[in-house]
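Here is a short briefing on one protein chain. Keep the sequence and the 3D view open as you read.

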Amino acid sequence: MKYPHAEIESKWQRFWDEKKVHKTDFSNVENKLYSLVMFIYPSGAKLHVGHWYNYAPADSWTRYKKLKGFNTFEPMGYDAFGLPAENYAIETGVHPKESTIININDIREQLKNIGCMYDWDAELMTCDPNYYKWNQWLFIQLFNKGLAYRKQAPVNWCPKDQTVLANEQVQGDGTCERCGTTVIQKNLYQWFFKITDYAEELLEGLDKIDWPEKTKLMQRNWIGKSDGADAIFKVSDSNEEIKVFTTRPDTLFGATYVVLAPEHPLVDKLTTEEYKKTVQDYRDSIKSLTEIERSSTVREKTGTPIGAFAVNPVNDEKIPIWIADYVLLTYGTGAIMAVPGQDERDWEFAEKFNLPIIRTVQPPDDFEGDAYLGDGPAINSDFLNGLNVVDAKKKITQWLVDKGLGTKTINYKLRDWLISRQRYWGTPIPIIHCPSCGEVAVDEKDLPVELPYDVDFKPGGESPLTANKEFINAKCPKCGGDAKRDADTMDTFMDSSWYYLRFLDPNINTKMFDEKLADDWVPVDMYIGGAEHATMHLLYARFIHKFLRDINLANSDEPFQTLIHQGTITNQGSKMSKSKNNVVNPEDFTRLYGSDVFRLYLMFMGPFEMGGDWSDKGILGTDRFVNKVYDIFTNHENILKDVTPKAEYDLSSLSETEQFVYKKTNQTLDKADEEIEHFRFNTAIAALMELLNNIKNLNDCSNEIQAYVLQRFAVMLAPLAPHLAEECWQLLGNTASIFEKPLWFKVDSEGLVEEAVNIAVQINGKLRSTIKMPLDSEQESVKEKVFNDDKIRKHTEGKNIIKEIYVKNRIYNIVAK
């Protein structure tokens, strides 16, 4: 009988919903497990195969943990603010609020059809004023603590999207990560969060969480801790001083010029009349470059002198002051000392502009190259001569401190989080600008500051909210005078920086989240999502969590204890997107085969963390497997009404066939347990397929053993194909649903012992026979049986045996001519 997937899947989805099988009891924290997948952006494309590949396997793992006795919480929500909905409004005239709600309603139904066990009572959407009110409240807490501030700064600007981008949102080639447009620089007043205050703790915390090493390394590199020293270079014929940060103070004697960032405030003060036009022309030539472009090690070095000189603090030598685009005002002090002998970039610059080069570390005799970056004895360095790099660093740093010419310093590459966006569809920033009082936070009792509905979305270089006079014009909370609201909205990464806390009680309206529940259930035990968020969402959420801890709203240091990245499903080698016309619609397959077949097929494609290129060529094989499973259970309907199998059996009491299926069942149970636990769904499914083949003679066993095997098969199948497994479990005669009364059978260790094994025999690479031998048989005894096998004799008689290779318990290879 063909497996009636539509009927069975709707039946069990209705049952789970009506019985609230997936509702979490938050009071039971003894064996709690908070499993969370990164929530979905409700774009017009709805769910494609890539979404399924994220959500379905994540749900399978959580279902497995539920069967193992964990009190699981698996919520779902919608990351509902952002540029795509606003751009859609510009193109079509459909308001972002309307298109977003329509998409959420569609996606909710699609998610339910997957059969995920989401606790729908915990659903949330970030565009709901009841949610973003608390974004605003959080902003005010950061503002009151001095961690939210506004300043004029050169920012990354996307001309197409007409908005500011954080450094993390600019790709390595200087283009916008969303639309691919070349990003330019603009000087604008922007809001920032002082994530840099948490730089050291963000680094240290990486040692306490179970995340992929690659992701932790990306965060370490992004934070970019550098130990070094600040050294003070006095300016010749001036009272000004230039402070430079260096990780190599031991090379000070080799500093032959100083470079300032073109934006450095000292440039205007120190540039001589002769060089003013050249300096201004240079500044104009690089103002459109992003920080990423300016920091590139492969760009040709450019710069110009300003006509002034600095004094090297260690030898009083006068050295020229230059400006160059590769020095950034936002890193260190915005000034560097250049040591061409020990730095490749400085060497290239010095050679191009004919500047002096002095080595301060002796290279080995066989060194061939320009700048030498390795260890060796100090040279040309007065009192440091002969010391290795580490000792020279210590000595010169102490010398600078003793002379009042520098300090030991730690620096970070990490920049403060730029959160202003000049767009409409986001959380309004809760600040009022008063001519008398300055920047004033909105009174908390007046939150939320709601987005007005009537807005012109056409981008014009400033927030669309600016034109809405009813929204913009306000009274100052301090003095009561006329004032203006801030017209910008927040980066949508603000929405996702704390949503995992809100899921625990999304309807609470008196505070940001239920602190007692958060204390019991956070950090999230398992977080699943894309690796592309390593230096954005995953870093921002860690920062916000630590801040919430510091204001006594959280009792943990980290938001996500364990992190898993799913792979990417591509189509024709490219990431799926509407613009590339390569999106695969899951509904085309679920209508034909059902969601369980589609879920199984996706998980069977390969390792979860690898992903792969989409192909539907093998889905018929998965469908056949599901139908065979359904057949074997319908053929044993109500077997449990006749027999009650034991938990374990004495192998000596079983027939040879019963021993075989009993062992194979326990071996598969052991395998599935191990593989699903570690997200190796493909090998777990393969093990079940193999077991199905190994129980073809199940009817030759007693009814008790039949029931024993089928019970365990249904439970192993349950996390991977939940609707089918529920139906199979019920067919056996069980009255309660598997997930209503979760269980996972214990493996009988005696059943894992394999006394005999099947050994494949190959001749010239082709399988010719299979022989059964006692476990761990030696080659001589195996050889004897191999060459007595009729099938083998047929292919070897009269031939010269060139080679024999025996892999114990597995294979016997023969090369014959």
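A cavity is a set of grid points where a 1.4 Å probe fits but cannot get out. Its volume is the space filled by probe spheres set on those points. The model is predicted.

**The whole chain**

- The protein chain holds 25 helices and 30 strands.
- Its C-alpha atoms fill a box of roughly 100 × 75 × 45 Å, taken along the principal axes.
- The chain has 817 residues, and 55% of them count as buried.
- The protein chain exposes about 35,800 Å². Carbon and sulfur atoms supply 47% of that area.
- Take the contacts between residues at least 6 apart in sequence: 72% of them join residues at least 24 apart.

**The largest cavity**

- How many cavities of 30 Å³ or more does a search of the whole structure find? The search finds two.
- The largest cavity contains about 180 Å³ of space.
- In total, 16 residues line the largest cavity. Nearest its centre lie Gly82, Leu83, Arg178, Arg421 and Thr492.
- The lining of the largest cavity divides into four nonpolar, six polar and six charged residues.

**The second largest cavity**

- About 70 Å³ of space lies in the second largest cavity.
- Which residues line the second largest cavity? They are Pro154, Gln185, Glu263, Glu291, Arg294, Leu328, Leu329 and Thr330.
- By type, the lining of the second largest cavity has three nonpolar, two polar and three charged residues.

**Histidine 22**

- Find histidine 22 in the loop between helix 1 (5–19) and strand 1 (32–37).
- Is histidine 22 buried or exposed? Histidine 22 counts as buried because its relative accessibility is 10%, and buried means under 20%.
- Set aside its neighbours within four places in sequence. Histidine 22 is then in contact with Trp16, Arg63, Cys116, Met117, Tyr118 and Asp119.

**Glutamate 515**

- Glutamate 515 lies in helix 15, which covers residues 515–521.
- Its relative accessibility is 25%, so glutamate 515 counts as partly exposed. That label applies from 20% to 50%, in between buried and exposed.
- Glutamate 515 and asparagine 555 are 40 residues apart along the chain. Their C-alpha atoms are separated by 8.9 Å.

**Strand 24 and its partners**

- Strand 24 (residues 568–571) runs parallel to strand 26 (residues 611–613), and three bridges join them.
- Threonine 570 has aspartate 613 as its bridge partner in strand 26.
- Strand 24 also pairs with strand 25 (residues 574–575), in the antiparallel sense, over two bridges.
- Which residue of strand 25 is the bridge partner of asparagine 571? The partner is serine 574.
- Strand 24 and strand 25 form a hairpin with two residues between the strands. In this hairpin, glutamine 572 takes a positive phi near 55°.

Notes: Residues are numbered from 1 along each chain as its sequence is written. This is a predicted model: local features need pLDDT of at least 70, side-chain atom pairs count only at pLDDT 80 or more; totals for chains, interfaces and linings use all residues. Side-chain values use heavy atoms; hydrogens and water are left out. Helices (H or I, at least four residues) and strands (E, at least two) are DSSP runs, numbered from the N terminus. Buried means under 20% relative accessible area, exposed over 50%, partly exposed in between (1.4 Å probe, protein chains only). On a 1 Å grid over the protein atoms alone, a cavity is a set of points where a 1.4 Å probe fits but cannot get out, and a pocket is an open set with protein on both sides within 12 Å along at least five of seven lines; lining residues have an atom within 4 Å of a point. Ala, Val, Leu, Ile, Met, Phe, Trp, Tyr, Cys and Pro count as nonpolar, Asp, Glu, Lys and Arg as charged, and the others, Gly among them, as polar. Contact means heavy atoms within 4.5 Å. Accessible areas come from the Shrake-Rupley method with a 1.4 Å probe; for residues, only the protein chains shown count as cover. Two strands pair if DSSP finds at least two bridges between them.
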